[in-house]
Amino acid sequence: MSKIILASNSPRRKELMEREHIPFTVEASDIEEVLDPSLSVEERLKKLALSKGMPIHEKHPEDVVISADTTCYHNGKILGKAHSREEAKAMLLSFSDDVQTVYTAVAIFFPDETINFIDSTKVIFKDITNRIDDYLDTGEWINKAGAYAIQLKGQAFIKDVDGDVDTVIGLPVKKVKQILIDHHVL
């Protein structure tokens, strides 16, 4: 029986996999994350998810490897993780009383096939202009795509979610689990 390897150091992806009772180990690759500007946003992210998982799949070709990449898309721009408090504040201000799309691209490497897909969820923000500094003080924004954690204190900013909240957290895990079931891994 193949083992399942999560090719990610994301604690959020790990929590989602554990929540769904998917047995797995973690082994992340250390690739430089580069987005190909000649591709559409969706195709760029799918390619990045493939790039993250490929080195692990090559090391463990008989196992199942799951890799993913999550990003926010807002006002025609891809927004990853903020690198400073000021950058996080600017991102959050731009989301205030607006809608963004969060994409998570997933690659699942089986011994004889690879499934690569993208899931998107629209996140509608409240007017948060008066609450951003308090949120930034928590440090929760650090290492989060879009500078917030929807499953933690950041949920106070959200008016509505159109789609799978797990996609925003970092992995559409129910869809991943169904693919693993369909391939007789679970």
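Start at the largest pocket, which holds about 840 Å³ of space. A pocket here is an open set of points on a 1 Å grid over the protein atoms alone, where a 1.4 Å probe fits, with protein on both sides within 12 Å along at least five of seven lines. The volume is the space filled by probe spheres set on the points, which are joined across faces, edges and corners. The model is predicted: local features need pLDDT of at least 70, side-chain atom pairs count only at pLDDT 80 or more, and totals for chains, interfaces and linings use all residues. Residues are numbered from 1 along each chain as its sequence is written, and side-chain values use heavy atoms, without hydrogens and water.

Select Glu-33, Lys-52, Asp-69, Thr-70 and Lys-81. Of the 40 lining residues, these lie nearest the pocket centre; lining means having an atom within 4 Å of a point. Elements giving two or more residues to the lining include α1 (11-19), α2 (41-59) and β3 (64-74). Helices (H or I, at least four residues) and strands (E, at least two) are DSSP runs, numbered from the N terminus. By class, the lining has 20 nonpolar, 11 polar and 9 charged residues. Nonpolar covers Ala, Val, Leu, Ile, Met, Phe, Trp, Tyr, Cys and Pro; charged covers Asp, Glu, Lys and Arg; the others, Gly among them, are polar.

Next, select β3. This strand gives the largest share of the pocket lining, 5 residues. Strands pair if DSSP finds at least two bridges between them. β3 runs parallel to β1 (residues 4-6), with 3 bridges. Ile-4 stands opposite Val-64. With β5, β3 pairs in the antiparallel sense over 9 bridges; check Cys-72 opposite Val-102. β4 is also antiparallel to β3, joined by 3 bridges. In that hairpin, Asn-75 takes a positive phi near 50 degrees.

Now show the aromatic side chains. There are 6 aromatic pairs, counted when ring centres of Phe, Tyr or Trp (its six-membered ring) lie within 6.5 Å. Tyr-73 and Tyr-103 have centres 6.3 Å apart and planes at 65 degrees, so they are edge-to-face (over 60 degrees). Tyr-73 sits in β3 and Tyr-103 in β5, 30 residues apart.

Move to Phe-95 and Tyr-148. Their centres are 6.2 Å apart with planes at 80 degrees, so this pair is edge-to-face. Phe-95 is buried at 0% relative accessibility, and Tyr-148 is buried at 4%. Finish by selecting Phe-95, Phe-125, Tyr-135, Tyr-148 and Phe-157, a cluster linked by ring pairs.

Key. Phe/Tyr/Trp six-rings, centres within 6.5 Å; stacked < 30°, edge-to-face > 60°. Buried < 20%, exposed > 50% of the residue type's maximum accessible area, 1.4 Å probe, protein only.
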